[in-house]
Structure formats: C-alpha cells, structure tokens
Amino acid sequence: MALIELDEVSKLYGFGDATTLALDEVSLSVEKGEFIAVMGPSGSGKTTLMNIIGLLDRPSHGSYVLGGKQVAHQPAAQQAKLRRDQIGFVFQFYNLLPRLNVLDNVALPLTYKGMTPVRRAKRASDILELVGMRDREYYMPYQLSGGQAQRAAIARALINRPSIIIADEPTGNLDSQDSRVVMELLAEVHRQGNTILLVTHNPELTRYASRVLYMYDGTIVGDEKTAIGQMARHARRIFFRKPRTTDNDIAAGVSALIRDVPDKALNPRAKRGRPPKVKKPARRRKAYRTKN
Amino acid sequence: MWSGNLKTAIGSLRQRRWRTIFTMLGIVIGISSVVTVVSLGYGFKHQIVGQINQLGSNVLTVRPGKVIDKQGGVSSLNLYSFLAPSTLTSDDVSSVRHLGLVSSVAPIEFVTNVASGDNGELDNVFVAGTSSNLFDLLHQNINYGAPFSEDDADQNFAVIGSDIAAKLFGVLNPVGSTVHIDGQDFIVHGVLAPSSGGFLSIAQADYNTSVFIPTAAADSLTSNHSNVLQILARVKPQANIDQAAARIRSTIAHNHGGTVDFSVLKQNELLGVTDQVLGKITNFISALAAISLLVGGIGIMNIMLVSVSERTREIGIRKAIGATNRQILNQFLVEGLALSIGGGIIGIGISYLVNLILRLYSSWHPVISVPILILAAGVSIGTGIIFSIAPALQAARKNPIDALRGE
Ligand SMILES: Nc1ncnc2c1ncn2[C@@H]1O[C@H](COP(=O)(O)OP(=O)(O)OP(=O)(O)O)[C@@H](O)[C@H]1O
Ligand SMILES: [Mg+2]
C-alpha cells in the first residue's frame with residue numbers, strides 16, 4: 001500500500017474568466033522511502049502539488065489518501081495535526097520566524113504538541129547537532145548565512161520525526177557549496193528511511209533522487225525511476241541543453257529551463273494554448289463520489 | 001501552552017514597544033479612573049458613616065424638601081429636593097426647641113462662602129450661623145479657644161475650622177484675630193479640631209473649611225433671609241425617637257400651614273440617603289470613566305488587527321509546521337489579554353498613587369477595597385477578550401498557503 005495516493009487530483013484557482021487550472025487530474029502514488037525530485041518549468045504546478053500533498057491546500061477535485069486514510073476533506077484541525085506529526089516542510093526562503101532564535105525556531109513544532117520547554121530544548125539541540133548547527137543555537141535568523149538558515153529549517157522539519165519531507169526548491173537561494181550541504185543532509189535523512197519530495201530546477205540534483213517527475217501545464221508528463229548517484233535521463237538532456245541559451249534568450253529574460261518544453265515523447269497530450277477545462281471537474285467530482 | 005503563548009506575546013509586544021505603550025494607555029486611563037472614582041465614593045461613604053455614627057443614634061435631622069419618596073413601601077431618594085430653596089425658617093428652629101421631647105437643638109444656616117483674614121480672602125468657605133450647642137451636639141472638639149456660649153449670641157464671635165485657620169491666618173491658633181465676613185468683623189473665638197468630614201458631610205460642608213457664627217449675627221448678615229440647611233435635634237434619653245420625629249414633623253408642618261415640604265430623618269435614614277446619593281454620583285462618574293475603557297478596548301482591537309495582518313507570513317509558517325486554528329487563536333488572544341491586563345495592572349498602580357496623593361494633600365480619604373480590585377481585574381480581562389476575539393479569529397481562519405505567500 002502506497003504512502004501517498006493521489007487520484008485525479010485537480011486544483012483550480014480563481015473563477016470565471018480568471019480560472020487557472022494549476023493541477024489537471026494528477027494521479028500519483030508514492031511509496032514509503034522514495035526520494036522524488038519534481039522538475040518542470042515555472043508555473044507547471046509543482047508548488048501546488050506539494051502544497052496539496054503537504055495538506056497546506058485542498059484539492060478542488062479528486063482524492064488524496066495518505067497512509068491509508070482519505071485526507072483531502074478532513075477538518076482543518078486534523079490536517080494541522082497531520083502536518084505536525086507526519087510532514088516536514090523546507091521552503092526556498094527558509095521561513096524561520098525572525099523573532100525567535102535558532103533553537104526556538106527548531107523547537108516550535110514541539111510547542112504545538114504541548115511538550116515541556118526543557119524536553120523541547122533538549123530535542124532541538126540534538127537535531128541541531130545532527131545538521132551541524134549546534135554552535136549556532138542562540139543565533140537569530142538574520143545572523144545566519146543562507147546555508148545555515150536552510151540547515152536550521154531542515155532541523156525544524158525533522159524535529160517531529162515526520163515520515164515525509166517536502167522541500168520546495170530548498171537550494172533555490174543557495175550557492176553550489178551550500179546546496180551541496182543541504183542536499184547531503186536530505187540524502188542522509190532519506191537513508192534513515194524518510195520519504196522525500198524535492199522540487200528543483202537543477203537537473204544535477206536528480207542524482208540524489210530515486211525517481212524523477214516532470215511536470216508541465218498542471219500534469220505529470222514524465223515519471224522516471226533512476227539510480228541514486230546518476231543524473232536522470234531526461235534531466236541530463238535538459239542539463240546539457242541548458243548552456244545553449246542564446247544571447248537573444250537572455251535579452252528576453254527567457255532561461256533555458258523555462259524554454260525547455262518537454263518533447264512529444266515526454267508530452268504525448270500537448271495541451272499548449274488549450275483553454276482551462278472549467279466544465280470537466282463537475283464530472284470528475286461525481287466519479288470521485290462513486291469511488292467512496 | 002499558555003505560558004508559551006505568554007512568552008510569545010510578551011516578545012512580540014516588546015518588539016513593538018511604543019505601539020504597545022500607547023495601546024495600553026487607553027486601558028490604563030480607563031481602569032485608573034474607574035478605580036479612583038469608586039474608591040473616592042467608598043472613602044466618602046466611610047467618612048460620612050463615621051460622622052453620622054459620631055452624631056449618635058438619638059439625633060434627628062430636619063432637612064428642607066422631601067428628601068425621600070416613599071412609594072409602596074419602597075423609599076428612594078428625591079434628588080430634586082436638593083435643588084429647591086430651603087423652606088425651613090428660624091421660627092421652625094424655635095418651635096422645635098420648645099418641644100419637651102428634645103434636649104438640644106441647633107440649626108445650620110448658610111450665610112456665604114466668602115471670608116477674609118490676615119492672609120487674604122477665601123471664596124470656598126462654608127460660613128454658617130448656628131447656636132452655641134452645635135459643637136456639643138456634633139461631638140465636635142475645639143482645639144484652641146472655646147465655642148461661643150449662649151450669652152455670646154449677639155456678639156460677633158466666630159468658631160473656625162482648622163483649614164481656615166491655616167489659610168486665613170497661617171497659624172494653628174489664631175484665637176483673637178479678626179475674620180471679615182460680608183463687611184463685618186468677627187473675632188475668632190475657637191478653632192475646631194480637624195475632622196474627617198468631606199464636602200459631602202451631613203452638613204453638606206467640610207467642618208475643616210467652615211466658619212460658624214451665632215445665628216443672630218447670621219440673621220443680620222442675611223437680613224433675616226436665612227437659609228436653614230438643616231436642624232439637628234437630640235432626643236431626650238427617655239423619649240421614643242419615632243414619637244419625637246412625629247412631633248417635630250407635626251410641629252413644623254403646623255408652621256408651614258400643613259404642608260410637609262421638609263423631611264425629618266433618623267440616623268439610619270440619613271445613612272440610606274447618603275448611600276443613595278453617593279451611589280448615584282459614583283455610578284454616573286464611573287459610567288463616564290467606562291467610556292475611556294471602551295475606547296481603550298477599541299484601540300486594542302485596532303492594534304491587534306494591524307498585528308495580525310503584519311504577521312500573516314508568521315501565521316502561515318506556524319500553520320505549516322502544525323499549529324491548529326485554535327492554537328493560533330489562543331496566541332493572539334493571549335497577546336490581546338496581555339495588553340489589557342498589563343494596562344489594568346498599571347492602571348491599578350496609578351490609582352494607588354492617586355490615592356496616596358489625595359490622602360496626603362486633600363481631606364479626601366479614598367479607599368481601594370478588594371471588590372474594586374476584583375472589578376478592575378474582571379473589567380480588564382473582559383475588555384481583552386471581547387476586543388481581541390475578532391482579530392484572533394481572523395488570524396486563526398487564515399488559509400495556510402495564502403498566509404505563507406502573503407505579506
Ligand atoms: N493562489 C493562486 N491564485 C491563482 N493562481 C495561482 C495561485 N497559485 C498558483 N497559481 C497558478 O497555478 C499555476 C501553478 O503554480 P505553481 O506555483 O504550482 O507553479 P510552480 O511549478 O511551483 O512554479 P515555480 O517553478 O515558478 O515555483 C500557475 O499558473 C500559477 O499562476
Ligand atoms: Mg513553485
């Protein structure tokens with residue numbers, strides 16, 4: 001039984017003419033212990049997918065089974081508890097609370113569990129040791145470098161021993177040296193048996209993953225198992241094509257990645273320019289109901 | 001959980017120090033004024049009850065106007081009676097004096113509020129005509145000199161309060177000096193011992209700021225248009241007090257052609273009247289002070305709303321790492337409560353300070369009692385909850401991703 005089971009999950013933003021279909025009937029099943037890298041151009045729905053899996057957002061349609069339980073339509077308080085106990089988030093911009101020191105930031109999820117301050121501090125200290133930040137316990141977030149802040153954020157994500165770590169472009173703000181440190185940390189967490197979902201624009205980081213998802217226009221257009229340590233096949237192609245950005249592209253502000261629309265093989269149902277399917281979800285909703 | 005919230009709240013309030021201080025100010029002003037007003041009311045009541053008890057239970061007080069309305073057995077205070085000119089006259093005084101049931105009778109006739117002495121003029125003096133036995137009747141001690149005697153009734157003698165002695169002559173014992181009232185000279189014959197009487201005393205004056213002169217002199221100053229504020233009558237020990245009251249009532253009513261446009265009050269009725277007057281005044285002023293509490297509460301709500309929208313991202317992060325709506329609600333509720341309770345504590349502190357200053361520099365003796373403190377505490381907690389519930393709910397209901405994205 002898969003840990004995460006998404007079935008025809010759609011996410012619509014806005015309404016009327018301004019409707020955006022951020023996720024279009026995405027089905028996905030993730031086994032425990034997988035390290036999944038999610039790639040795809042900007043606006044392809046990666047963050048939306050992560051937010052739904054992380055229970056920060058609800059799907060408009062479709063079903064989401066987490067650990068054998070239907071969770072998409074659970075009450076907010078239940079979802080908060082699942083976020084607390086099962087899921088750890090790592091964000092691109094660290095999202096540490098600026099007024100708390102590193103130790104308090106890391107211990108914060110435990111306060112929502114009602115743990116005593118002494119035990120909280122002990123546990124946070126231990127985790128900070130693990131990420132090599134023990135000597136920065138009493139620093140404030142603004143006193144940290146990007147890499148240190150991200151390590152603190154990873155410590156915070158780990159403190160409740162979650163089964164799933166969701167990292168949305170965790171290295172997006174870091175130089176290659178810091179990226180490496182952060183990725184090695186995630187790899188270590190993965191080796192401990194955690195399931196990791198990593199959103200990245202950097203094809204090289206697929207080396208850490210056991211599986212790579214490629215997204216385009218709200219759908220998963222490629223799903224590739226890969227050996228850890230190897231760059232994924234399609235990712236490699238993107239990687240090698242990257243330097244071929246022309247001067248014209250740079251002048252237009254278009255990066256190789258954004259321009260890199262997956263080819264026909266990857267993208268059998270080309271949907272570019274198709275208007276959002278506003279009617280469709282009603283039908284799907286019924287389908288979802290019959291399934292229950 | 002609550003202590004953690006408190007720590008968070010204090011941290012965030014410290015961060016925004018000036019904003020916190022100004023927000024608290026409304027509550028500080030509200031709480032300190034309510035506590036001060038109520039404690040003044042308590043203090044007055046205390047003083048007056050003391051005075052009335054000092055007067056003794058066998059003293060009847062006659063006052064102009066129908067002070068108490070008796071309707072269906074329920075007596076209530078008739079405030080209009082205090083506005084009407086006095087209907088009591090010197091004739092009433094002598095009629096009462098001739099009754100067999102009473103042993104001692106003294107009027108208090110208002111003359112003027114201006115008097116001058118060596119140190120200049122005062123315009124907040126209670127100058128009253130009375131008879132020589134008033135001081136005995138009031139159990140009021142004389143510190144220096146002596147009260148005027150019955151034989152001095154046609155002399156221009158004056159017995160003055162201790163404050164007047166200090167203000168008009170600058171000495172403790174000005175016996176023999178001259179005090180000028182309405183162009184006439186009076187020789188200071190005695191100085192009263194300081195009394196605790198506030199301005200709301202039974203004579204509606206503070207003895208410390210009073211000048212008493214013989215009735216004859218008073219009548220000549222007012223050209224016989226004396227304004228008899230009250231008549232005090234001590235009932236003989238063997239006489240029944242209710243009978244005596246009835247006799248006095250019928251005697252004065254007879255003088256007034258049958259109309260009872262005055263009141264004869266026993267000690268307990270006097271207490272009741274005092275209680276009611278003070279209660280009404282205290283309630284009225286407290287209601288005014290409570291408006292500042294309302295304004296303070298709205299200030300808290302306003303600041304909390306600002307705080308919630310400023311910290312949208314923080315709320316998003318807290319939710320992402322597992323805070324429930326309820327936990328977010330508590331966090332902001334505790335912050336609002338910290339503001340209002342902090343303001344309440346400072347307000348109570350300030351009322352203690354005001355209390356001390358009043359006790360040192362005025363004749364008032366406000367009393368901060370436990371019920372007032374409980375009231376103040378309750379009001380600040382209540383204000384905090386009522387006015388931070390809306391902002392806290394707003395914070396709690398924020399959608400986590402919108403909050404994370406938002407700024
Ligand atoms: N709150 C929102 N309201 C309206 N549209 C939204 C909202 N959030 C996302 N979208 C739309 O949904 C689509 C997918 O957005 P998403 O953030 O998931 O992309 P992404 O793959 O994470 O992009 P990036 O690589 O730039 O982070 C985009 O077209 C975006 O405009
Ligand atoms: Mg994104």
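Into which domains is chain B divided? In this predicted model, chain B falls into domain 1, made up of residues 2-48 + 277-405, and domain 2, which covers residues 58-265. Taken over C-alpha atoms, the centres of domain 1 of chain B and domain 2 of chain B are separated by 48 Å.

From the division of chain B we can turn to its meeting with chain A, where 26 residues of chain B are in contact with 22 residues of chain A. The area buried between the two chains, chain B and chain A, is about 2000 Å², and carbon and sulfur atoms give 59% of that area. On the side of chain B, the residues B:Ile317, B:Ile321 and B:Ile401 supply 29% of the area that chain B buries against chain A, which is more than any other three residues supply.

The polar side of this interface can be followed in the same way. Five residue pairs in polar contact are found across the interface of chain B and chain A, counting pairs in which both residues are at pLDDT 80 or more. The count of salt bridges between chain B and chain A is one, and B:Glu314 forms a salt bridge with A:Arg99 in which the closest N and O atoms are 3.2 Å apart. As for the elements involved, those that give two or more residues to the side of chain B that touches chain A are α1 (2-15), α9 (312-320), α10 (325-361) and α12 (400-405) of chain B. Of these, α9(B) gives the most, with six residues.

Ligand 1 is the next place to look, and residues from chains A and B surround ligand 1, so the site is shared between chains. There are 14 residues around ligand 1, and those that come nearest are A:Ser42, A:Gly43, A:Lys46, A:Thr47 and A:Thr48. Oxygen atoms of the ligand can be traced to several of these residues: one lies 2.8 Å from a polar backbone atom of A:Gly43, while a polar side-chain atom of A:Lys46 is 2.7 Å from an oxygen atom of ligand 1. For A:Thr48, an N or O atom in the side chain is 2.5 Å from an oxygen atom of ligand 1.

Over all chains, a search of the whole structure finds 19 salt bridges, and one of them joins the side chains of A:Glu34 and A:Lys225 at 3.3 Å, N to O. Because A:Glu34 lies in the loop between β2 (20-30) and β3 (35-39) of chain A and A:Lys225 lies in strand β10 (residues 219-225) of chain A, the pair ties together parts that are 191 residues apart in sequence.

A last stop is B:Gly170, which lies in the loop between α5 (162-169) and β10 (178-181) of chain B. B:Gly170 and B:Gly117 are 53 residues apart in sequence, and their C-alpha atoms are 9.6 Å apart in space. Leaving aside its neighbours within four places in sequence, B:Gly170 is in contact with B:Asn119 and B:Ala165.

Technical notes. Residues numbered from 1 in each chain as written. Chains lettered and ligands numbered in written order. Predicted model: local features only at pLDDT ≥ 70, side-chain atom pairs only at ≥ 80, totals over all residues. Heavy atoms only, no water. Domains from an automatic or database assignment. Contact = heavy atoms within 4.5 Å. Buried area = accessible area lost by both parts, 1.4 Å probe. Salt bridge = Lys/Arg side-chain N within 4 Å of Asp/Glu carboxyl O. Polar contact = N/O pair within 3.5 Å; in protein donor to acceptor, adjacent residues only side chain to side chain. Helix = DSSP H or I, 4+ residues; strand = E, 2+ residues; numbered from the N terminus. Near = heavy atom within 4 Å.
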